[in-house]
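Trainee: Could we go through this structure together? I would like to start with a single residue and then move on to the ligand and the sheets.

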Amino acid sequence: MEKIKIGVDYYPERWGEAMWESDAVRMKEAGIKVIRMAEFAWCKVEPEEGRFELDWLVRAVNLFGSYGIQTILCTPTNCAPLWLYEKYPETLQVQRDGKRTYPGVRSHRCYNSPIYRLFVERIIRKMSRVFAGNPYVAAWQIDNEVDAAFCCCDVCAEKFRGWLKEKYGTLDEINRVFGNEVWSGSYSSWTQIQPPLGDRPLVQYNPAYLLDFQRFASDGVVEYVRFQANLLRETFPDLPITTNTWYCDYMPDFYDLFEELDICSYDNYPSFEISEEGYSSHAFHLDMMRGVKRRNFWIMEQLGGAIGGCWMPMGKTPRPGVLKGMALQAIAHGADQVLHFRWRSSTTGAEMYWHGILDQNNIPGRKYRELQDLCRTIEKQKGLEETTILSKVAILCSFDSEYAWKLQTQAEGFYYLEQLQALHAAFTGYGLNVDIIHEEAPLDEYEIVAAPAVYVRNRKTARQLHKFAEKGGMVILTARSGVKDENNNCIMEAMPAGYREMTGCQVEEYDGIGHETNTVIMDGIAYPVTQWCEILQVDRAETIAVYGGEFYAGAPAVTRNRYGAGSVYYIGTVGKPSFYEALAKKMLEEKKMRFTTELPARVEMTVRENDEKQFVFLFNNDKKEKRFVLEGTTIELQPFEMKIQEKIKTK
Ligand code: GLA
């Protein structure tokens with residue numbers, strides 16, 4: 001197995017050849033083992049249509065290689081050169097207002113454009129020929145931060161019609177499924193099916209149509225990435241291929257996106273201003289990334305300096321310990337490579353104020369020394385690369401629910417992913433590893449499975465959860481479960497549809513209270529709740545908590561039901577961290593699982609292990625020092641410090 005590597009993102013096209021060698025020397029001195037290059041370099045490798053200049057990139061790869069630094073090469077297809085857009089404007093995305101995206105920034109390509117695909121294929125074939133057999137190319141990254149934004153061009157419109165035809169066959173069936181008679185929206189010809197063009201907010205469009213358009217947009221990106229991966233595999237069958245994903249407004253379905261790629265990778269910019277309230281540890285995102293392929297992942301871009309510039313006002317510079325600590329946090333959650341964005345802050349271009357390890361002055365300073373320290377720490381930690389994270393608690397994630405929820409505003413401040421985050425924070429607070437996995441993933445290895453807000457019905461998920469509980473597992477369901485069918489239409493049944501038998505309760509009425517608060521009383525303690533309150537009618541379940549206020553004061557808010565050999569909790573409202581902590585403790589005690597109550601707030605504990613060894617990571621995700629006793633030993637952690645304890649497992 002390859003060693004864990006620390007690296008940086010590097011832009012040789014920006015710096016000119018004269019600087020490369022001194023950069024390589026400094027990187028080597030820092031302990032850098034890998035760099036990423038070329039994701040935006042298309043205008044330098046094909047300056048004119050059909051004229052390729054790749055020698056400079058080969059020289060860069062070889063030079064860094066000679067210093068023991070491997071390259072993850074990128075297909076440069078995020079930004080095509082301007083000559084391409086000028087000559088073939090139909091390769092630019094069309095926005096919802098019907099206008100083509102302005103080509104002077106980045107990420108303007110239409111993934112479905114056949115002409116764009118031709119040029120993509122040509123540049124990939126050229127690069128493949130030139131880098132075939134190059135010993136310094138360690139992996140490929142496809143494009144950069146692909147998203148499933150809504151392109152409304154004619155090609156996408158026609159492709160969407162084909163997508164619907166394949167799924168539903170006839171216009172009559174589409175009209176039936178979408179319920180198109182509402183607002184007189186029935187299609188009488190295929191040409192009436194359009195992308196969501198227009199100036200009306202998306203939420204005013206038909207939800208069934210919108211969810212399908214979002215699925216179609218995601219499928220298009222997935223297909224585009226697969227198209228590139230297949231081309232690369234012709235020449236590089238043994239090299240890992242990835243694409244760097246991120247959390248954005250139009251996320252492609254991560255599980256589909258990485259299905260045919262070798263490794264999941266992610267761009268990680270954790271905040272080091274942790275708010276007093278809320279569930280903002282980046283550990284959630286990291287666990288979600290590990291769950292995408294249910295194995296370790298890479299970080300292609302990691303916080304390297306103050307963020308900001310063209311995307312937002314400049315933020316604070318990372319405090320001492322933040323760069324190293326946050327990189328180790330990613331490793332603690334399963335990252336096997338961490339590349340920092342970027343080696344040096346740019347002196348030109350819109351993003352000049354998104355800072356790197358070196359500032360524009362090119363003088364190695366505090367951030368460089370911290371990177372060097374990180375590399376040394378990793379170098380010393382032998383055997384870490386052969387370990388992964390084993391969890392007894394899983395949280396299920398559904399992109400259908402995420403999409404459907406986002407497309408149709410629920411109560412103010414009420415978000416799908418935050419329902420997952422709340423439970424993640426509660427269980428990890430007790431020092432447990434937690435997996436976040438696809439809703440259809442196998443559940444055999446878990447003791448507790450939370451399926452928060454299973455909003456859009458998935459029959460396989462429901463079947464698996466029933467079986468899991470029958471066999472003795474504990475299931476947690478939360479508000480807004482069993483609401484929509486697969487087409488994003490409401491189910492004419494009591495909620496949680498498909499889960500009432502296992503929950504032993506049903507939703508009598510619901511109240512979207514948004515930013516207002518109510519309380520629930522549990523074990524004699526009042527906990528504030530907000531956003532959403534479901535008034536539960538208990539059939540067979542026992543009541544765990546009741547509402548403290550409103551016309552439904554005294555009505556059940558949280559229930560627990562025995563089902564088969566297991567149990568099922570239903571949480572009909574949205575609490576604050578203390579509420580979920582109390583619930584999680586109750587659940588862990590019921591399952592007689594090992595957990596610790598000794599971790600102070602914002603100290604995170606994870607374990608990477610294999611058959612022989614365990615590496616226990618203790619991370620202070622806070623700007624205040626921490627001092628506490630864990631299993632009889634006093635531990636002191638500086639702000640953002642990570643301590644790694646190695647333990648040999650007893651057989
Ligand atoms: C993203 C992109 C990078 C860069 C960084 C910082 O993660 O992939 O190209 O823009 O953000 O802004």
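Trainee: Is Phe640 buried or exposed?

Mentor: Phe640 is buried, because its relative accessible area is 2%. Buried means under 20% relative accessible area, exposed over 50%, and partly exposed in between, with a 1.4 Å probe and protein chains only. Please note that this is a predicted model, in which local features need pLDDT of at least 70 and side-chain atom pairs count only at pLDDT 80 or more, while totals for chains, interfaces and linings use all residues. Residues are numbered from 1 along each chain as its sequence is written, and side-chain values use heavy atoms, with hydrogens and water left out.

Trainee: Where does Phe640 lie?

Mentor: Phe640 lies in the loop between strand E24 (633-637) and strand E25 (642-648). Helices (H or I, at least four residues) and strands (E, at least two) are DSSP runs, numbered from the N terminus. The phi of Phe640 is near 60°, a positive value in a residue other than glycine.

Trainee: What is phi at Ser107?

Mentor: Ser107 is not a glycine, yet its phi is positive, at about 55°. Ser107 lies in the loop between H5 and H6. At 28% relative accessibility, Ser107 counts as partly exposed.

Trainee: And Thr91, where is its place?

Mentor: Thr91 is in the loop between helix H5 (82-87) and helix H6 (114-131). Thr91 is buried, with a relative accessible area of 0%. A polar atom of the Thr91 side chain lies 2.8 Å from the backbone oxygen of Tyr88. A polar contact is a pair of N or O atoms within 3.5 Å; within protein, one must be able to donate a hydrogen and the other to accept it, and residues adjacent in sequence count only if both atoms are side-chain atoms.

Trainee: Turning to the ligand, which residues are around it?

Mentor: The residues around the ligand are Phe40, Arg106, Asn144, Glu145, Asp267, Tyr269, Glu301, Trp311, Phe341, Glu351 and Trp354. Here a residue counts as near if one of its heavy atoms lies within 4 Å of the molecule.

Trainee: How do the residues of that shell divide?

Mentor: The shell divides into five nonpolar, one polar and five charged residues. In this scheme Ala, Val, Leu, Ile, Met, Phe, Trp, Tyr, Cys and Pro count as nonpolar, Asp, Glu, Lys and Arg as charged, and the others, Gly among them, as polar.

Trainee: How far is an oxygen atom of the ligand from an N or O atom in the side chain of Glu351?

Mentor: That distance is 2.2 Å for Glu351. For Trp311, an N or O atom of the side chain is 3.1 Å from an oxygen atom of the ligand, and for Asp267 a polar side-chain atom lies 3.4 Å from a ligand oxygen. Taken alone, the ligand exposes 300 Å², of which the protein buries 96%; accessible areas come from the Shrake-Rupley method with a 1.4 Å probe, and for residues only the protein chains shown count as cover.

Trainee: Which way do Asp267 and the other residues of E7 point?

Mentor: Ser265 and Asp267 point one way from E7, whereas Tyr266 and Asn268 point the other way, and all are buried.

Trainee: Which strands form the open sheet, and in what order?

Mentor: Nine strands form the open sheet in the order E5-E4-E3-E2-E1-E9-E8-E7-E6, with parallel pairing. Strand E5 (241-242) and strand E6 (244-245) are the edge strands, each pairing on one side only. Two strands pair if DSSP finds at least two bridges between them.

Trainee: How many bridges join E7 to E8?

Mentor: Four bridges join E7 to strand E8 (residues 297-303), and the two run parallel. Tyr266 stands opposite Ile299 in E8. Two bridges join E6 to strand E7 (residues 265-268), also in parallel, and there Thr245 stands opposite Tyr266.

Trainee: In which sense do E15 and E17 pair?

Mentor: Strand E15 (residues 505-522) and strand E17 (residues 542-547) pair in the antiparallel sense over three bridges, with Val520 opposite Tyr547.

Trainee: One last topic: which peptide bond to Arg342 is cis?

Mentor: The bond from Phe341 to Arg342 is cis, with omega near -5°. Arg342 is found in the loop between strand E9 (335-341) and helix H13 (366-380).
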